Amino acid sequence: MGNLKKKKHILFIAPGFILYTIFIILPIFYVFYLSVFEWSGLGEMKFIGLENFRTLFFNERMAPTMFNALKNNLKYLLCVWLIITPFQYLIAYLLYIKIPAYNYIKFMIFMPYVISSAIVSFFATLLFDPNIGFLNKIFEWLGHPEWQSAWFGDPDRAFKLMIVLIIWQGAGSGIMIFYSNLMDISRDIMDSCRIDGCNEWQRFFRILLPLSLPSCASIITMSTIWALAIFDMPFILGGANGGVNGCLDFANMVFYRYTFGSGLNGKSNLGFGASICVLMFVIMLFVTVLQNKFLSKFEYDM
Amino acid sequence: MKRKQSGEILSPTAKLARAVLAAVLIVYTLTTVFVIGITLLDSLKTKGDLVSNFVGLPRALSFESYRKILIEDIFLKYFKNSIVLTVCGTAGCTFIAALTAYGISRYDFKGKSFLTAYFLVGMMVPVQVSVLPLFLILKKIGLLNKLPGMILVYMAGISMACFIFQKFFKTIPVALEESARLDGAGDFTIFFRIVLPVCKPVIVTMALITAIQEWNDFYMPMVLLGNKNVKTLTLAIYQYISQFTRYMSESMAAVIITLIPIIILYFVFSSQIVEGLTGGAVKG
């Protein structure tokens with residue numbers, strides 16, 4: 001029986017293994033491979049070494065676009081760390097202490113998570129469109145036309161508005177994960193903390209935060225990775241060219257434009273697109289490792 | 001999981017602060033109701049009514065915009081495409097993930113821990129990085145711009161589900177399977193007759209999470225399904241809103257039609273969706 005049992009697992013694993021290897025693992029290697037070639041997608045592939053990366057960083061037309069996009073990615077990542085994640089944690093805490101109507105709030109705050117980015121952007125158009133948008137109409141009606149704005153057409157505002165929309169749509173998932181981590185903290189600890197008479201601030205900073213942080217590390221890692229790969233929202237809101245003055249341009253959109261769009265110098269080069277992917281991949285790896293080093297400092301022995 | 005508030009007596013200031021915060025959050029959540037409501041009302045206006053009366057009740061109910069997208073455009077086709085993709089992708093992905101996770105966690109073999117780690121890689125690498133190779137691979141095997149190609153890609157994305165299933169299998173005792181084995185049941189009979197039924201709650205939550213992601217997916221269908229005949233709902237909506245002033249009333253109706261299934265799903269299964277997302281389905 002032991003022998004028979006040893007073979008059977010292959011039948012269970014094989015279908016998943018084959019599909020996963022072809023469509024998830026192989027592409028990662030393939031993209032590295034492609035990045036050292038010049039290739040239009042048809043015909044011969046020309047090996048050019050690191051030339052694609054040189055273009056990316058030093059070409060006078062390409063480099064400013066790329067650095068602007070990376071700057072926006074970094075800006076967004078900082079927003080994730082310093083605004084979105086703390087906001088999620090705060091809401092999770094409010095739900096945890098059962099503020100009035102918390103069940104309703106929990107239900108409603110998570111709802112936009114199931115709505116697609118295309119529709120969220122559509123709602124944004126309803127509210128913020130400079131001509132027919134709801135907000136400008138309201139300001140006109142209130143007799144304050146000076147409050148009106150081009151909103152997403154205004155490079156100073158577009159990024160902030162996008163963050164607001166992302167919070168509205170996506171914060172729910174993080175809130176729920178933080179909330180369930182808070183709920184997992186042992187009842188005994190909470191009881192003894194009450195008996196010892198610690199106040200709410202102490203309880204939050206000395207007990208809840210440190211105890212729930214380790215289990216939050218994985219969600220923070222995931223949101224970092226997704227922050228570096230952001231695409232849908234800025235693409236739909238700002239168009240393929242990344243909004244006014246590239247204020248909504250991100251690495252992934254640059255990749256999309258130069259790979260599936262017109263290409264640099266009107267010449268399609270898939271290898272160049274691949275090199276942008278490799279760059280994103282390396283940055284993700286770097287940031288994730290760095291972040292895990294930082295987060296592991298907070299780990300407690302439970 | 002119901003827990004009473006720890007019984008402490010709150011000072012009036014703390015109580016007030018909580019009430020104020022709750023009020024702020026309630027107003028915040030009302031934006032959701034507001035935007036969906038406006039869209040619903042606007043979708044029921046005639047085009048003329050919509051332009052002059054963007055915010056407000058329709059002067060007369062009209063289903064013109066629905067008629068336009070359903071009959072004049074091939075919106076039903078997009079709807080069908082989305083359904084086919086989501087149903088096949090979700091069923092395939094969940095089933096394969098369950099199979100794989102079962103194979104890894106219930107059998108002893110060399111390279112077990114390697115495989116566990118191997119299947120996790122997909123969670124750490126967003127598809128955006130590998131979309132270009134996917135495009136080329138699908139082109140090579142002739143499945144680019146075809147629904148089956150997209151479904152295969154969805155079915156391959158088993159990392160998350162596989163991880164959750166493995167965690168779940170650790171919590172169910174092997175005794176049941178062992179006794180079935182003594183009764184002469186084969187490995188696959190055990191899997192289908194005993195293991196899958198026990199997994200039902202996890203299957204439901206995983207399927208819900210996967211289905212929502214696939215229904216809402218924008219980037220992959222945009223790249224991998226370029227043909228008009230295989231467009232999904234989200235792509236159709238994108239197409240409408242990129243020419244918003246021209247297709248204003250159409251986009252309202254399109255958004256409502258896309259929203260309805262997902263909102264119903266949310267109202268019915270919200271706790272399962274949250275559980276699936278937080279991994280709560282497999283916690284002790």
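**Close-up views of a predicted model**

**Helices α7(A) and α9(A) are roughly antiparallel to each other.** Angles over 145 degrees count as roughly antiparallel, under 35 as roughly parallel, 65 to 115 as roughly perpendicular, and the rest as oblique. In this pair, helix α7 (residues 155-183) of chain A packs against helix α9 (residues 200-228) of chain A at an angle of about 150 degrees, and their axes are 9 Å apart. The axes are lines fitted to C-alpha atoms, for helices over the stretch in contact, and the angles run from 0 to 180 degrees between N-to-C directions.

Residues are numbered from 1 along each chain as its sequence is written, and chains are lettered from A and ligands numbered from 1 in the order in which they are written.

**The residues where α7(A) and α9(A) meet are shown here.** From α7(A) come A:G174, A:I177, A:F178, A:N181 and A:L182, and they meet A:L208, A:S212, A:S215, A:C216, A:I219 and A:S223 of α9(A). Two residues are in contact if their C-beta atoms, placed from the backbone, lie within 7 Å. The residues of this contact divide into six nonpolar, five polar and no charged, where Ala, Val, Leu, Ile, Met, Phe, Trp, Tyr, Cys and Pro count as nonpolar, Asp, Glu, Lys and Arg as charged, and the others, Gly among them, as polar.

**Chain A and chain B touch through residues of both chains.** The contact takes 70 residues from chain B and 69 residues from chain A. On the side of chain B, helix α1 (residues 12-43) gives the largest share, twelve residues, and helices (H or I, at least four residues), like strands (E, at least two), are DSSP runs numbered from the N terminus. That side of chain B divides into 49 nonpolar, 18 polar and three charged residues.

**Chain B is divided into domain 1 (12-66) and domain 2 (74-282).** These bounds come from an automatic or database domain assignment. The C-alpha centres of the two domains of chain B lie 32 Å apart, and eleven residues of domain 1 are in contact with eight residues of domain 2. On the domain 1 side, the elements that give two or more residues are α1, α2 (47-52) and α3 (64-72) of chain B, and the largest share, five residues, comes from α1(B). The residues of this side of domain 1 divide into four nonpolar, three polar and four charged.

**B:A253 is placed in helix α13 (residues 248-278) of chain B.** This residue is buried, with 25 other C-beta atoms within 10 Å; a residue counts as buried if 20 or more other C-beta atoms, placed from the backbone, lie within 10 Å of its own, as exposed if 12 or fewer do, and as partly exposed in between. Not counting residues up to four places away in sequence, B:A253 touches B:S43, B:S65, B:Y66 and B:I69. The C-alpha atoms of B:A253 and B:L70 are separated by 9.4 Å, although these residues are 183 residues apart along the chain.

Note on methods
This is a predicted model: local features need pLDDT of at least 70, side-chain atom pairs count only at pLDDT 80 or more; totals for chains, interfaces and linings use all residues.
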